[in-house]
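Hello,

Here is the structure we spoke about. Please open it alongside this email, and then read on for what turned up.

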Amino acid sequence: MNFSTTLGISIPLVLTFVALATAAQRLLGVRFGKLRMAFAALLAFALAGPFMSPVMMRFEHMDPKEDPGIGPLFLIVLIGMCIVLMPMVVLVIAEALVPPGSIPGPIEFLRGLRGRLSRARRYSQITRIAVKHGLGPYLRGRGDRAEDTTARVRLARSLRGALDDGGVTFVKLGQVLSTRRDLLPPEFIDELGRLQDQVAPAPWEQIEAVLVAELGPVDEVFAEFERKPLAAASIAQAHTARLHSGEEVVVKVQRPGIRTVVGKDLDIVARLAGTLETRTKWGRSLGMTDLAEGFAIAIREELDFRIEASNMAAVAAAHSGVVTYPEPHSALCTERVLVMTRLNGRPLASASREQGPTLARDLLDCLLRQILIEGVFHADPHPGNIMLLDNGELGLLDFGSVGRLDASVRAALQRFLLAMNRQDPLGVTDALLELVPRPEEIDEAALERALGQFMAKHLAPGMDSVRMFTDLFKIVTEYGLSIPPEVAAVFRALATLEGTLVRLSPGFSLIGEARAFAGRYMSEQLTDTTIKDTVTQEVAALLPMLRRLPRRVERIASAAEHGRFSMNVRLLADDRDRRFVTGLLHQVLLTVLGATAGLMAVFLIGTTGGPLVIADGSITLYHLIGYFLLVISSILVLRVLIAIFRRDRE
């Protein structure tokens, strides 16, 4: 076969494929990928021969001298419609079984192959760590339920060991989980709280390479630089240095290669969370995918030291207390290097017993002011992030984790705290429902009673504040309330702070001091100046409306007096509502037309008699019209199905 013959056969075939794919896509009314359309057209073309053979055999017995009439032409048109129907059926079945995006294309597959191999090695490493710590059965869903306290402690200890060996991402994950008293039993909270983010320091050559890449030669940027690190963690390590201006600074340098490791681990955490949410009821109830996404965002922010510098500047700008913060040198802060002023002091544990109560009170007052008044707060106030300065004040370090609250959330938290101070169950309930997304169905009376019992139980002198947080989270979970991330960060910071305060001053009452702060805050807000300012602001906001109010009242009264008062309500004013209703009506109309055409087709195909279309008497005009209607009914039904499948994924 020469080239011209091959070309003469190939061009019609290609044009036929294109015509079949285009016709199927236009009739279905949606767009498909080119590979999917080509596969559907090829399959339809392959099935066309066997499908047409029995029909074409009918024409072999016809006498060529006789006039066949117009019947065979209609039959050929019907065959063509059926051939077009085939790729439509293939596309709809593929849409239902293999939705677009569920299987990567060849290019995406080749691009992701290297990542999948790397992820598989990491999966294998994590699995070996879990098996080493006795968690293998739980990976297969066959682990025994920890019914008693001893079993839960043993399981929690194994989990802590596995997370500790898993690396930086899993250590951070365990630390985050240790603050979620609404999700885990107390035994797990205690064990995960012991996770330490400390590793051996990286060699100076690797640290110097990062400094040179980010800032330039070390000797040109710094007058002195201490090669031995001041502290080393899994994400970064800190060195002391001196600028050419003579100022002492601390330089936080990100460990080389940590971003790649964290990226792989976050991908694994996201996939595991998606699997748990899909396959387990408790995973869906906890929203594992959202939790994993929030955790990933927080970790990625910690990897960008520019965000930490911005957080440090924001907290320092709102500072109004006795706690000192380091100041960043913005010109020397990059994605992997953070330069800040050095705070001279010693670990918090070195505070004397006489200093403890005063320092604890100052620290609590500082954090509550950050949360309730300033709106920017340190979200991880554990003892390692706090130091006792040489001047006797407290210094707050490590601003990689900072919470931000808008004015509405701060106002709701203020009302929550003040209502707790008054032991007002109704006020606490209203403030709590302002803080969390309100579920569609909730028994507010029962929630109010539960919060009343909670306050009667815990707001007494000498009660355990740690148990108070646990019971509060139980109430929130029991009534189906989901805590927003920014509010969860507040409770996490307070729970972490409670342990720090107890170390500073054993027997320190977080509840009592928080209630005292509420009283002081109330006194500050009820001064003559603050009341005057509040009234002035409210009147200034209402004044434009008050000016327009008499004129509008006059118009309404005049219209009512003369019988012209009317109301104009536009239904479906939003374009999205109109598109939804229009699409719904189209689907209903297509469904009715398809069902009607199908019923008429069945009726006509089952009808005997009628004008003959083919001389052998096997097909009558009624049959032919019935087949046409059956094809049309199939097209309409397939169009409705494809629209339903696409909408379910949107």
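**Cavities and cores**

The whole structure holds 2 cavities of 30 Å³ or more. A cavity is a set of points, on a 1 Å grid over the protein atoms alone, where a 1.4 Å probe fits but cannot get out; lining residues have an atom within 4 Å of a point. Points are joined across faces, edges and corners, and a volume is the space filled by probe spheres set on them.

This is a predicted model: local features need pLDDT of at least 70, side-chain atom pairs count only at pLDDT 80 or more, and totals for chains, interfaces and linings use all residues. Residues are numbered from 1 along each chain as its sequence is written, and side-chain values use heavy atoms, leaving out hydrogens and water.

Start with the largest cavity. Its space is about 350 Å³. It is lined by 20 residues, and Phe416, Leu417, Met468, Leu494 and Ala514 are the closest to its centre. Helices H15 (356-374), H16 (407-422), H19 (465-478), H20 (485-504) and H21 (510-525) each give two or more residues to this lining. Helices are DSSP runs (H or I, at least four residues), numbered from the N terminus. H16 gives the largest share, 5 residues. The lining has 18 nonpolar residues, 1 polar and 1 charged. Here Ala, Val, Leu, Ile, Met, Phe, Trp, Tyr, Cys and Pro count as nonpolar, Asp, Glu, Lys and Arg as charged, and the others, Gly among them, as polar.

The second largest cavity has a volume of about 40 Å³. Its lining is Arg361, Leu364, Asp365, Leu368, Glu513, Phe517 and Arg520. H15 gives the most, with 4 residues. By class, 3 of the lining residues are nonpolar, none is polar and 4 are charged.

Now look at H16 again. Just after H16, Gln423 takes a positive phi of about 55°.

Finally, the cores. A nonpolar core is a set of buried Ala, Val, Leu, Ile, Met, Phe, Trp, Tyr and Cys residues joined through side-chain atoms within 4.5 Å. The largest has 97 residues, and Ile371 and Phe377 have the most contacts inside it. H20 supplies its largest share, 10 residues. Apart from this core lies another, of 30 residues, among them Ala24 and Leu75.

Best wishes

Key
On a 1 Å grid over the protein atoms alone, a cavity is a set of points where a 1.4 Å probe fits but cannot get out, and a pocket is an open set with protein on both sides within 12 Å along at least five of seven lines; lining residues have an atom within 4 Å of a point. Buried means under 20% relative accessible area, exposed over 50%, partly exposed in between (1.4 Å probe, protein chains only).
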